Amino acid sequence: MKRQLERLLANLFGLVFLGLSFLVTIETLLRKAFNFSLQGAAELGGYALAVGSAIGFALAITSRSHIRVDVFHERFPRALQAFMNWLSAVSLGALGLFLVGVCWRVVVKTLEYGSSAQTPWATPLIYPQSVWYAALVAFAIYAVIHAGHASRLYFTGQREALLVEFHPKSAKEELKEELDDLAHRTEAGARVQA
Amino acid sequence: MSTLAFSLTFLLMILLMLLGLPIAVSMVLVGAGAGVIVFGVPFLSTTGAMLWGVLNDNLLTAAPLFILLGELLLRSGMADRMYGAMAAWLSRLPGGLLHTNIACCALFAATSGSSVATAATIGTVALPSLHQRKYPMPQALGTLAAGGTLGILIPPSINMIVYGSLTENSIGKLFIAGVIPGLLLTGLFMLFVLINSSLKGNVPREVLPPLAERLRLTVHLIPPIVIFGIVMGSLYTGVATATESAALGVVVALFFAWRAKRLSWSMLETCFLQTARTTGMIMLILAAAFVLNLLISLSGVAETMTKAVTALGPSATAMLLVLILFYLALGMFMDVMSMLVATVPITYPIVTALGVDPIWFGIFIILMCELALITPPVGMNLFVVQGVRPDRGGIGDVISGSLPFVAIMMAFTLLLMVFPAIVTWLPGKM
């Protein structure tokens, strides 16, 4: 279920940026060749980034991609490592709630003033901002669930699980992922040749 | 906010980072915490508006697009075949395949944007045969570790996008500024291998394959070179912005992947997921850095510190030398991207007040990041290269093999200080 949801979000993210690439390419070529501008590719690019970033924040949690310095962490006693892993997960949850809190005022102000974008389209900002805000809320929920899972492990004394599942990502792990992908690619390459 | 108070705040942030809290959390906690103490709750409402401004900035859309471009080149396997093609041309030089290591790492890292993927791919292809042909292992490992760092200097570079965004400098100019130093540093690395091998006389040269074979292999260099040409060409001539050039690159990469019959939905899904994760990681750190930036600009601490430093009367050169030591020390413990975002908001105003060119300083920072990638104890590339070696040597081999390249990078940084035009000439022509 979780994996399917992530896949869905990642594909949504990818298709948005793929679509954006085609749109921007067409816009750039038209502008260069016919001096004609679609106007709006840049604006859409900004909205895509805002929403895409929030989706990315969430997806980076599961892969433990949010960077933590592990040089000292590795040398901590295991109890302290487990504590820091728990604290990190909880702090990301808190960060999610913080973003949802401070960005709420942005959305409220946009509604109050009925602001629209300073662009040729003059898009009412509430449209892109609502989607962006919804994505931020999704990130916060995701981060809080993650923190809850870490807390359950921490307070039920499942330290080992905490050390495995919430450890900062090491160069070794990243390397393993890349080596796996390389093996996969080589196989796919051989299939194409055959 | 006094300089002392800010310095303590900054130290607290570094401490939280070193304790192992997520980098983004450490920056937001300290930035927003100090902001609320100094300015009260209104600081938070400014923070919200600022966050929307940063996250919806189309200039930064270049970041996910370049990451996607790198993923497409990497996951479609297009970049994997570069080694054979490079080897066909370069391995005749004294030092043989070591030159191929450097050149290939430079090209691979520049296109894929990932030094881990570079070391994994090139290392897996190169190291077994280097081992078999009895190349000295430390040197072979050193060329791979050092070669992999060239990717963030040779555009497109996500680190440059982040620097450009934090300091409000043109990303296009930064990319163009990286070209000559990138090529020059690659050349210097190869020159070192050439001289070192000639002096020692124990490194085998390889036999040059026949011309027809060489040309056949060169086909594999076409996609990365065409894409690089389109991206940089459109930027340099002003046809496209950084974001637009990235979009052009993505479309052309899709075409090449389709031509090579490697465009599949599962490949795309991998690219999408990786791009989303990397984008999320970078954008969260960047957003956090902007919270810190907000504190620095509202509290006027940058001006205070700049005044304090300029009152001491150091020359720009002296300041840069101090910064080299500072970054060397910090780079020993911190991850490269974190080091960049946590320090640039402070060092940038000071250095530019002393008259250093903003674009030049960007390249300087990138060089400091490169150094951090191969200086122990946490130089990421050292561990990654160690992880792919086929024999059972210790990490000491990788470190000793990389040391000459550390020295070359340091000397190169000094060279850029003496001749800043190496960096500033090409972007000045735009």
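1. The residues of the lining of the second largest cavity divide into nine nonpolar, one polar and no charged, where Ala, Val, Leu, Ile, Met, Phe, Trp, Tyr, Cys and Pro count as nonpolar, Asp, Glu, Lys and Arg as charged, and the others, Gly among them, as polar. This cavity holds about 70 Å³ of space, and its lining includes B:L69, B:T111, B:P155, B:P156 and B:F228. Two or more lining residues come from each of α4 (62–75), α6 (97–112) and α12 (222–236) of chain B, with α12(B) giving the most, four residues. Helices here are DSSP runs (H or I, at least four residues), numbered from the N terminus.

2. Some conventions should be kept in mind: this is a predicted model, in which local features need pLDDT of at least 70 and side-chain atom pairs count only at pLDDT 80 or more, while totals for chains, interfaces and linings use all residues. Residues are numbered from 1 along each chain as its sequence is written, chains are lettered from A in the order in which they are written, and side-chain values use heavy atoms, with hydrogens and water left out.

3. A cavity is a set of points, on a 1 Å grid over the protein atoms alone, where a 1.4 Å probe fits but cannot get out, and a pocket is an open set with protein on both sides within 12 Å along at least five of seven lines; lining residues have an atom within 4 Å of a point. Grid points are joined across faces, edges and corners, and a volume is the space filled by probe spheres set on the points. By this rule there are four cavities of 30 Å³ or more. The largest cavity, with a volume of about 160 Å³, is lined by 17 residues, of which A:R64, A:R68, A:L92, A:H146 and A:F166 lie nearest its centre. Its lining has seven nonpolar, six polar and four charged residues, and α3(A) gives the most to it, with four residues.

4. Between the chains, 73 residues of chain B are in contact (heavy atoms within 4.5 Å) with 68 residues of chain A. Chain B and chain A bury about 6200 Å² between them, 74% of it on carbon and sulfur atoms, buried area being the accessible area (1.4 Å probe) that two parts lose on being put together, summed over both. On the chain B side, B:W52, B:R277 and B:L284 lose the most area to chain A, together 12% of what that side buries.

5. The second largest pocket has a volume of about 440 Å³, and A:R3, A:E6, A:R7, B:L273 and B:R277 are the closest to its centre among the 15 residues that line it. The largest share of this lining, six residues, comes from α1(A), and by class the lining has two nonpolar, five polar and eight charged residues.

6. Two backbone features deserve a look. A cis peptide bond joins B:P155 and B:P156, with omega about -10 degrees, and B:P156 lies in the loop between α8 (137–149) and α9 (158–167) of chain B. The peptide bond from B:P376 to B:P377 is also cis, with omega near 5 degrees, and B:P377 lies in the loop between α18 (358–373) and α19 (380–388) of chain B.
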